[in-house]
Amino acid sequence: MAAKLLGWDDTIVALATPPGIGAIGMIRISGSRSFEIINQLFPAKDLLLQPSHTLHVGYLKEGEKVLDEVVVSLFKGPRSYTGEDVIEISCHGSPYVQQQVIQACVHLGARLAKPGEFTQRAFLQGKLDLTQAEAVADLIASNTEASRKAALHNIRGGFSEVLKQLRDQLLSFSALIELELDFSQEDVEFADRSRFYALIREAQGAVERLLHSFKLGNVIKNGVQVAIVGKPNAGKSTLLNALLNENRAIVSDIAGTTRDTIEEILNIDGILFRLVDTAGIREHTSDVIESIGVERSLAKMKQADVVVYLFDVNSTTVPELEAVKHDLDQQQIKYLLVGNKSDLANDALRNSFDARATIIFIAAKENQHVEVLKERLVDMVLQGRLQTEDTVVTNARHYHALQEVLKSLQDIHAGLDNQIPGDLLALDIRRCLHYLGEITGEITTEDQLDYIFSKFCIGK
């Protein structure tokens with residue numbers, strides 16, 4: 001029904017593998033005329049007579065012109081990705097060959113697919129709900145183990161199942177309250193209010209947990225920005241090189257070597273950390289360029305998710321460190337205190353620091369205890385919250401809709417407390433159901449769908 005509403009009963013074609021030269025390229029065609037179109041290009045056998053989920057080798061020909069020798073994979077609807085008739089053509093990975101095959105399909109009546117149109121058709125055909133469809137894009141974009149797990153869990157319906165259970169329970173109570181309105185003259189009560197109370201409390205808890213998971217979901221999807229800050233010559237660039245295991249930043253004994261921020265990405269235990277090596281922070285400098293670098297360092301420190309404050313244990317006093325700690329606490333910045341060059345410090349000096357704050361002692365130049373710092377970074381971000389089967393909200397659209405769901409549940413709860421009439425209670429329940437439906441795609445508009453799927457890659 002949705003496909004007819006959108007006017008998408010035509011046949012689409014696109015390259016499904018990344019553009020560029022490779023051993024193999026795969027072209028996907030979906031729609032009611034898929035078999036008819038490819039059958040005209042594949043003279044080796046009549047594809048219309050072949051069973052679904054079979055492979056066929058032969059030449060693609062446009063008239064007398066041989067396009068390529070290919071493998072054709074047949075998927076008859078509804079047992080396909082889109083729910084329509086789908087054919088996937090594996091050809092040689094020449095961009096010219098791929099373009100020739102696509103143009104031949106277009107000449108025979110197909111049109112070029114829009115970004116995400118194959119997955120959008122899967123959604124419209126009921127093969128996926130909207131959260132699963134969006135998880136497909138997240139899986140394609142995943143670049144860590146944690147983001148892969150989160151996306152795969154949602155594709156398998158983990159998030160959808162949580163919402164479905166809540167929606168089904170609300171619908172059942174909504175139907176009973178609507179029934180009460182039909183018998184308002186008899187003053188009967190079909191919906192058990194005590195059971196409804198329990199449901200709303202349980203639903204509020206579930207939604208609050210999902211909302212709380214978004215902070216972690218954002219970390220999984222987008223990474224964690226870590227600013228490495230400290231005085232000049234504390235060893236910030238040396239630490240960056242040690243974390244990356246390569247000489248990315250210039251290391252020198254001259255104070256103020258790093259004049260601007262250097263940004264690199266590090267994958268630790270499936271979480272992306274965006275490391276920012278900043279210019280050394282000191283209160284007074286006559287160098288104009290260095291002072292600009294210091295200003296940028298302070299800005300990066302405020303933007304960061306975590307600050308690694310690095311100090312030289314041999315040239316920093318305890319009062320200085322206490323002042324830094326107080327300043328970071330005042331700004332409500334999450335931070336780790338890291339004492340560098342600890343291989344040159346005696347035990348008494350190290351103990352004088354550790355008595356006042358939890359400090360990670362390292363020797364970045366010698367690559368000592370850097371792994372401990374990595375472990376602490378992961379612990380600080382995850383705090384034991386990531387499990388393989390956990391449902392984690394990673395999508396900002398879902399997060400904002402869930403906020404509205406929670407507001408609606410709170411209004412329902414207040415309505416029950418105040419014993420408001422059933423018709424008013426029904427309005428709050430409908431509002432809650434509306435926002436739940438917006439997440440899964442049961443309630444959406446064509447413009448919303450176009451916006452969501454426009455962010456997908458072409459061919460998916």
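**Helix pair and cores**

Tutor: Helices H14 and H15 are roughly antiparallel to each other. This is a predicted model in which local features need pLDDT of at least 70 and side-chain atom pairs count only at pLDDT 80 or more, while totals for chains, interfaces and linings use all residues. Residues are numbered from 1 along each chain as its sequence is written, and side-chain values use heavy atoms, with hydrogens and water left out.

Student: What makes H14 and H15 roughly antiparallel?

Tutor: H14 (residues 396-417) and H15 (residues 422-440) pack at about 165 degrees, with axes 9 Å apart. Angles between N-to-C directions run from 0 to 180 degrees, the axes being lines fitted to C-alpha atoms over the stretch in contact, and those over 145 count as roughly antiparallel. The pair therefore qualifies.

Student: Which residues of H14 and H15 meet?

Tutor: Among them, Arg-397, Ala-401, Val-405 and Leu-416 in H14 meet residues including Leu-425, Arg-431, Tyr-435 and Ile-439 in H15. Meeting here is contact, heavy atoms within 4.5 Å. The H14 and H15 crossing is left-handed (near helix turned anticlockwise from the far one by less than a right angle).

Student: What makes a set of residues a nonpolar core?

Tutor: Its members are buried Ala, Val, Leu, Ile, Met, Phe, Trp, Tyr and Cys residues joined through side-chain atoms within 4.5 Å, where buried means under 20% relative accessible area with a 1.4 Å probe, protein chains only. The largest such core has 36 residues, with Leu-239, Phe-273 and Leu-377 having the most contacts inside it. Helix H13 (residues 370-382) supplies the largest share, seven residues. Apart from this core lies another of 29 residues, among them Ala-401, Leu-402, Val-405 and Leu-416.

Methods: Buried means under 20% relative accessible area, exposed over 50%, partly exposed in between (1.4 Å probe, protein chains only). Helices (H or I, at least four residues) and strands (E, at least two) are DSSP runs, numbered from the N terminus. Angles under 35 degrees count as roughly parallel, over 145 as roughly antiparallel, 65 to 115 as roughly perpendicular and the rest as oblique.
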